[in-house]
Each structure stands twice: as structure tokens, then as C-alpha cells.
Amino acid sequence: MRLMEPWLGDPERVYALFGRFPADENGFENPAAGMSKAAFADYVRGLKNEAAGIGLKPGWVSATKYILMNDRGDYVGIFNLRHRLNDALQEGAGHIGYGIAPEWRGRGYATEGLRLALIKARDEFGITEAYLSVHKSNPASLAVQRHFGARIDHEPDAEYFTRIDTTAIA
């Protein structure tokens, strides 16, 4: 399994994968939901710039979106890795967000994808403690995070905010 930037994937398959997610599902946001192919091509170009820190909106940080590809080459999920946190992200979404396409859920892809994202966070961006959020209505995602030793940092009404020591990830 591997993580791949969307601009390096097959454009039709990347578009189809993003199309499997609503605009917001359990906190996983998909700004590309419902986009035409032309608008999506522009969106992917914007993702490449966002990863490079080019033309960021005020208050945004560099982030890389990845496609999780299984060993057969199927595109099964989307992972977003913010390269650093600003004040808003330190109290909100955190470093990593992810979603697995509905037809691929329950097969361990979120666990393996998060492992790969945590390794990238540590090795490419120097993040030794990843901060994540998860809706309380999504116990499966919390279980994925706990698989990597996530501890709950705090928990307002609707979400858990967790921290994972990336130095312990193999």
C-alpha cells in the first residue's frame, strides 16, 4: 500500500474517488464534492500549490492530500496531512484527516493509511506528535487512532482530540 499525491494519479480515477465522498462526512471534508471534471482539474492544481505553500488563503498552512492506493492499485481513500499547525488547527482539525471510500471500509485501509501518513508526518515534516480530531459518532476512526497509541487530549461535546507519538510508529 502507498500514499500518492492526486496530481500523480490517473485523473479519471482520482476524480471518481473524490466523487465517492460527500462534502462532509463525520468531519472528513471534501471540497471537491459535486465538482465538474474541469473544476476538479483546477482543484487538483490548487492542491499541488497548497502542498508547495504557494498561494495559500489567509490562515491556511501547507498541506498535502494523498490518495491511498492498495496493493492491487485500487484508489481506496484520501488522506490530508497538514505540514504544521497554526493556532486554529491546534484547537481544531489537527495534522491529519482521512476518509476511506464506502466500498473499501472495514478492511484495515484506514489503519494502514494512517500509519503511512504518520510516517510521512515524522520523516518529511518533522512532526513528532501528531494531533488529530474525530467525531464521537465515529468510534471506528477513534479505534484506528488508538491502534497507534493515540491518547485523548481533550473532548468537547462532539469530538475527541487525540495526540499520537509519531516516533513510536514503525
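Two residues count as in contact here when heavy atoms lie within 4.5 Å of each other. Keep that cut-off handy, and remember that this is a predicted model.

**Exercise 1.** Work out which residues of α1 are buried, and what they pack against.

*Solution.* Start with burial, meaning under 20% relative accessible area. In α1 (11–19), V14, L17 and F18 pass that test. Next, look down the helix axis: the buried residues of α1 fall within an arc of 95°, so they line one face of the helix. Finally, apply the contact cut-off.

**Exercise 2.** Describe the lining of the second largest pocket.

*Solution.* Take the volume to begin with: about 170 Å³. Now sort the lining by helix. Both α1 and α2 (37–52) supply at least two residues each, and α2 gives the most, with five. V14 of α1, one of its buried residues, is also part of this lining. Other lining residues include W7, E12, F40 and R45. By type, the lining splits into eight nonpolar, one polar and three charged residues.

**Exercise 3.** Check whether the length of α4 (residues 109–125) agrees with its residue count.

*Solution.* At 1.5 Å a residue, the 17 residues of α4 should span 24 Å. The C-alpha atoms at its ends are 23 Å apart, which agrees. While you're there, note that the buried residues of α4 include Y109, G113, L116 and K120. Just past the helix, G126 takes a positive phi of about 70°.

How values were computed
Residues numbered from 1 in each chain as written. Predicted model: local features only at pLDDT ≥ 70, side-chain atom pairs only at ≥ 80, totals over all residues. Heavy atoms only, no water. 1 Å grid on protein atoms, 1.4 Å probe; cavity = no way out; pocket = protein on both sides within 12 Å on 5 of 7 lines; lining within 4 Å. Points joined across faces, edges and corners; volume = space filled by probe spheres on them. Helix = DSSP H or I, 4+ residues; strand = E, 2+ residues; numbered from the N terminus. Nonpolar A, V, L, I, M, F, W, Y, C, P; charged D, E, K, R; others polar. Buried < 20%, exposed > 50% of the residue type's maximum accessible area, 1.4 Å probe, protein only. Arc of directions from axis to C-beta. Expected span 1.5 Å × (residues − 1).
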